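This report is meant to be read alongside the sequence and the coordinates. Please keep both in view while following the description below.

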Amino acid sequence: MSASPSDVAPTGSTGPVLLADPRVSAIPVVEDGSPLVDLAGVGLRVSSQPPPPPPGLGLPPTSTDPVPGARPGSHRLVRRTLAERLAEAETLLPDGLRLLVVEGLRPVGTQRMIHAAYRARLATERPGIATHALDRLTSRFVAPPATAPHVSGAAVDVTLADGDGRPLDLGCPVDATPEESGGACYFDAPGLDDEARHLRRVLACALVPAGLVNYPTEWWHWSFGDRYWAHVTGSPFAVHGPVAAPDHASDTAATLSPRARPGGG
Ligand SMILES: [Zn+2]
């Protein structure tokens, strides 16, 4: 059987603050206009293809194509502020390890679609569930479009790879739902083996000093400048709101500042 949220929430608490929480959604955005940057163009490793729809969303199981609405290469884009921090984080990793970004920017239409699909699946599995409870359950794994970090280019799904670019095992696949992973998607999930727990710590020890914050229900999800970042850091406002995806990632010309380039140049 899959775990319920109460099974996987940290002991002694009512669980992490979620993206649907009013304390997060009420935070204003004071957009700073940071441009989108192609991570693949600035020396960071990015998956060659955007992730397919996670099977746990309840979308047709035959679909292995990118999520409808995705623009070519948009998953490689993030705000320059975030790209610079990822470049800094990469320099903090132990020798032989690299960051591997799976997804950055997600078009808002895509976010709406996957949010609705997962919410509908949960509603079907829990007849009679109250609306607020359904919203909370949904936002463990898929952010409401209004507060979604990925549509702002302010978040990445990121894991670790070895020197040859092979992804490492951090306890469950990126994008595994709480139901699929038995709660192993939670950053501090109990029951992880020592290696997975160690590698999650290595990831955090590079990303936290660089200024990123983790979404506790997804070990792979890290952000800078979005509402959730503002909530965690105590900033009175977010600096990145939703941003339009260009038709092609190659349309973005922005680069990192010289000091932030991975590998020192
Ligand atoms: Zn994410």
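In which sense do β4 and β5 pair, and over how many bridges? The two strands of this predicted model pair in the antiparallel sense, over 6 bridges, and within this pairing Arg 98 has Ala 161 of β5 as its bridge partner.

**The sheet**

β4 and β5 belong to an open sheet of 5 strands, whose order is β2-β4-β5-β7-β6 and whose pairing is mixed. The edges are formed by β2 (45-46) and β6 (213-214), each of which pairs on one side only. β5 also pairs with β7, in the antiparallel sense and over 3 bridges, with Ala 155 standing opposite Ser 223 in β7. The antiparallel pairings described here are collected in the table.

| Strand pair | Sense | Bridges |
|---|---|---|
| β4 and β5 | antiparallel | 6 bridges |
| β5 and β7 | antiparallel | 3 bridges |

Helix α3 (residues 80-91) lies across β4 (97-103) and β5 (155-162), and the helix runs at about 150° to β4. Helix α7 (residues 194-207) lies across β4, β5, β6 and β7, running at about 125° to β5.

**Leu 18**

Why does Leu 18 count as buried? Leu 18, which is placed in the loop between α1 (5-8) and α2 (22-25), has 23 C-beta neighbours inside 10 Å and so passes the cut-off of 20 or more that defines a buried residue. When its neighbours within four places in sequence are left aside, Leu 18 is in contact with Arg 136, Ser 139 and Arg 140. Thr 217 is 199 residues away from Leu 18 in sequence, yet the two C-alpha atoms are 8.4 Å apart in space.

**Confidence**

The chain has a mean pLDDT of 85, with 81% of its residues reaching 70 or more. Over residues 61-65, however, the pLDDT is below 50, and this stretch has 5 contacts in the model beyond near neighbours in sequence. Residues 1-13 likewise stay under 50 in pLDDT, and for them the model has 19 contacts beyond four places in sequence.

Definitions and conventions:
Residues are numbered from 1 along each chain as its sequence is written. This is a predicted model: local features need pLDDT of at least 70, side-chain atom pairs count only at pLDDT 80 or more; totals for chains, interfaces and linings use all residues. Two strands pair if DSSP finds at least two bridges between them. Helices (H or I, at least four residues) and strands (E, at least two) are DSSP runs, numbered from the N terminus. Two residues are in contact if their C-beta atoms, placed from the backbone, lie within 7 Å. Axes are lines fitted to C-alpha atoms, for helices over the stretch in contact, and angles run from 0 to 180 degrees between N-to-C directions. A residue is buried if 20 or more other C-beta atoms lie within 10 Å of its own, exposed if 12 or fewer, and partly exposed in between; C-beta atoms are placed from the backbone. pLDDT is the predictor's confidence in each residue, from 0 to 100.
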